[in-house]
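Good morning, and thank you for coming. Please look at the sequence and the structure on the screen while I speak.

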Amino acid sequence: MTITDAIRSRRSIYPAQYSGEHINDEVIHTLLENANWAPNHYHTEPWRFMVFKDDGLKKLMSKLAELYKMYNVDTFSDAKYARYADRAEQISHSIVVAVDISDKPNLPEIEEIAAASCAVQNILLTLAEYPKVGGYWSTGKLVYTPEFKEFLGLEENQLCMGMIHLGMIKPDSPKPQGKRRPAGEKIQWVVS
Ligand SMILES: Cc1cc2nc3c(=O)[nH]c(=O)nc-3n(C[C@H](O)[C@H](O)[C@H](O)COP(=O)(O)O)c2cc1C
């Protein structure tokens, strides 16, 4: 597969399409090793990862369910609350991504977040090597709350950037269609 194929055929695959089987930990090690090769300014390597699986994953999902309840008093739905427990069964591993914001004076926060985002993209693109493994970047307002930060044990200068949920794709699961507006709409060439 070419790099172009890997980039254009990468799709977010969601928990409803996961079988609940476990991904081999070796795959997770490879994803994270590749994440570690992302570009980064001043060699800060600001990405941090926490891998949740088994009972750890159940704890992660029950914390998110608790926060969902706490932050959605007016719009609370039993079905949405129950979805967190379902996810703990469907997902194999969830990688929480955090960024360690450096105090270097010439290094704006945006560059640290950009570097950690490149690390996430490395993970998602590496999935091209494992066609039976699906994943996507999951965020939502709960992952930015102080309660979630405390649950993760992050330091003051560290920000949670969400989770990469991963699972074994159910056999015969249809691959979602990619959808993008033309690249040309977002490009200007400046030649003089
Ligand atoms: C920073 C970021 C946060 C995202 N958060 C969510 C999310 O919370 N829930 C979700 O379903 N998808 C999330 N996604 C995945 C996008 O929905 C997905 O990339 C988009 O629909 C395009 O589909 P594709 O990845 O298959 O090309 C996120 C993507 C990015 C880059």
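**A walk through the chain**

Of the 192 residues in this chain, 24% count as buried. Please keep in mind that we are looking at a predicted model.

Let me begin with the overall form. The C-alpha trace spans about 60 × 45 × 35 Å along its principal axes. A compact globule of 192 residues would have a radius of gyration near 16 Å, and the chain, with 18 Å, agrees with that.

How many helices and strands does the chain have? Its secondary structure comes to six helices and four strands. Read from the N terminus, the order of the elements is α-α-β-α-α-β-α-β-α-β. If we take contacts between residues at least 6 apart in sequence, 81% of them join residues at least 24 apart.

I turn now to the strands, and to β4 in particular. Strand β4 pairs with β2 in the antiparallel sense, over seven bridges. Within this part of the structure, alanine 98 has cysteine 160, in β4, as its bridge partner. Strand β4 also pairs with β3, again in the antiparallel sense, over six bridges. Here the bridge partner of tryptophan 137 is isoleucine 164, in β4. Why is β4 described as largely enclosed by the rest of the structure? The reason is that nine of its 11 residues are buried.

In soluble globular proteins, nonpolar side chains tend to be buried together. In our model, the largest nonpolar core has 33 residues. Those with the most contacts inside this core are Trp47, Val96, Val97, Ala98, Val99, Ala116 and Met161. Which elements each supply at least two residues of the core? They are α2 (25-35), β1 (47-53), α3 (54-71), β2 (93-100), α5 (109-126) and β4 (158-168). The largest share, seven residues, comes from β4. Leaving aside residues up to four places away in sequence, methionine 161 touches Val97, Ala98, Val99 and Ala116.

Next, the ligand. The residues around the ligand are Arg11, Ser12, Tyr136, Trp137, Ser138, Thr139, Gly140, Gly162, Pro176 and Gly178. Strand β3, residues 133-138, gives the largest share of this shell, with three residues. By class, the shell has three nonpolar residues, six polar residues and one charged residue. Aspartate 5 has its place in helix α1, residues 3-9. Is aspartate 5 buried or exposed? With 10 other C-beta atoms within 10 Å, aspartate 5 is exposed, since the limit for an exposed residue is 12 or fewer. The C-alpha atoms of aspartate 5 and leucine 124 are separated by 13 Å, although the two residues are 119 apart along the chain.

Tyrosine 14 lies in the loop between α1 and α2. This residue is partly exposed, with 17 other C-beta atoms within 10 Å. Between the C-alpha atoms of tyrosine 14 and isoleucine 101, which are 87 residues apart along the chain, the separation is 29 Å.

Definitions and conventions
Residues are numbered from 1 along each chain as its sequence is written. This is a predicted model: local features need pLDDT of at least 70, side-chain atom pairs count only at pLDDT 80 or more; totals for chains, interfaces and linings use all residues. A nonpolar core is a set of buried Ala, Val, Leu, Ile, Met, Phe, Trp, Tyr and Cys residues joined through C-beta atoms within 7 Å. A residue is buried if 20 or more other C-beta atoms lie within 10 Å of its own, exposed if 12 or fewer, and partly exposed in between; C-beta atoms are placed from the backbone. Two residues are in contact if their C-beta atoms, placed from the backbone, lie within 7 Å. A residue is near a molecule or strand if its C-beta atom, placed from the backbone, lies within 6 Å of it. Ala, Val, Leu, Ile, Met, Phe, Trp, Tyr, Cys and Pro count as nonpolar, Asp, Glu, Lys and Arg as charged, and the others, Gly among them, as polar. The radius of gyration is taken over C-alpha atoms; the globule rule is 2.2 Å times the number of residues to the power 0.38. Two strands pair if DSSP finds at least two bridges between them.
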